[in-house]
Amino acid sequence: FCHLCVAHRKVFVKEQALYTPAQLHRHHQGKDPAANNAPHPMCNMCRERYFDESALITHLSRDHFTCHICNRLLEEDSARGHVFYR
């Protein structure tokens, strides 16, 4: 099983897919055509995967820091995107 899907998908356990290690790796990257899922994004600092982008952003905001200068620039130009630090 994908532990992220088991924890976050609202389906019965018997409806969860079983994966070999190679299939699980493809599933995490979103390359599993049978699952029809988006990739589970990875935190580049912790090297942990999260269920979706929303969970990753929550993790980054809670466990990592942004530069106060970057935050000010982001307010002026939202196309820049967030930069997180350990």
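This is a predicted model: local features need pLDDT of at least 70, side-chain atom pairs count only at pLDDT 80 or more; totals for chains, interfaces and linings use all residues.
Local features require a pLDDT of at least 70 and side-chain atom pairs count only at pLDDT 80 or more, while totals for chains, interfaces and linings use all residues. Residues are numbered from 1 along each chain as its sequence is written, and side-chain values use heavy atoms, with hydrogens and water left out.

The protein contains four helices and two strands, taken as DSSP runs numbered from the N terminus (helices H or I, at least four residues; strands E, at least two). Read from the N terminus, the order of the elements is α-α-α-β-α-β. Of its 86 residues, 22% are buried; here buried stands for under 20% relative accessible area, exposed for over 50%, and partly exposed for values in between (1.4 Å probe, protein chains only). The accessible surface amounts to about 6500 Å², and carbon and sulfur atoms account for 56% of this surface; the areas come from the Shrake-Rupley method with a 1.4 Å probe, and for residues only the protein chains shown count as cover. Among contacts between residues at least 6 apart in sequence, 17% join residues at least 24 apart, a contact being heavy atoms within 4.5 Å.

The interior may be considered next. In soluble globular proteins, nonpolar side chains tend to be buried together. In this model, the largest nonpolar core consists of five residues, Cys43, Met45, Tyr50, Leu56 and Leu60. Such a core is a set of buried Ala, Val, Leu, Ile, Met, Phe, Trp, Tyr and Cys residues joined through side-chain atoms within 4.5 Å. Leaving aside residues up to four places away in sequence, Tyr50 touches Leu4, His40, Pro41, Cys43, Ala55, Leu56 and His59. Helix α3 spans residues 53-63, and its residues Leu56, His59 and Leu60 are buried. These three cover an arc of only 95 degrees around the axis, which puts them on the same side of α3; the arc is that of the directions from the helix axis to the C-beta atoms.

His27 is buried, at a relative accessible area of 1%. The side chain of His27 makes a polar contact with that of His40 at 3.2 Å, and the side chain of Tyr19 makes another with that of His27 at 3.1 Å. A polar contact is a pair of N or O atoms within 3.5 Å; within protein, one must be able to donate a hydrogen and the other to accept it, and residues adjacent in sequence count only if both atoms are side-chain atoms. Tyr19 belongs to the loop between α1 (3-8) and α2 and is buried, with a relative accessible area of 19%. Tyr19 and Cys2 are 17 residues apart in sequence, and their C-alpha atoms are 7.5 Å apart.

Charged residues complete the account. One salt bridge is counted, defined as a side-chain nitrogen of Lys or Arg within 4 Å of a carboxyl oxygen of Asp or Glu. Asp63 pairs with Arg62, with 3.2 Å between the closest N and O atoms. Asp63 is partly exposed at 37% relative accessibility, whereas Arg62 is exposed at 57%. Arg47 lies in the loop between α2 and α3 and is exposed, with a relative accessible area of 56%. The phi of Arg47 is near 65 degrees, a positive value in a residue other than glycine.
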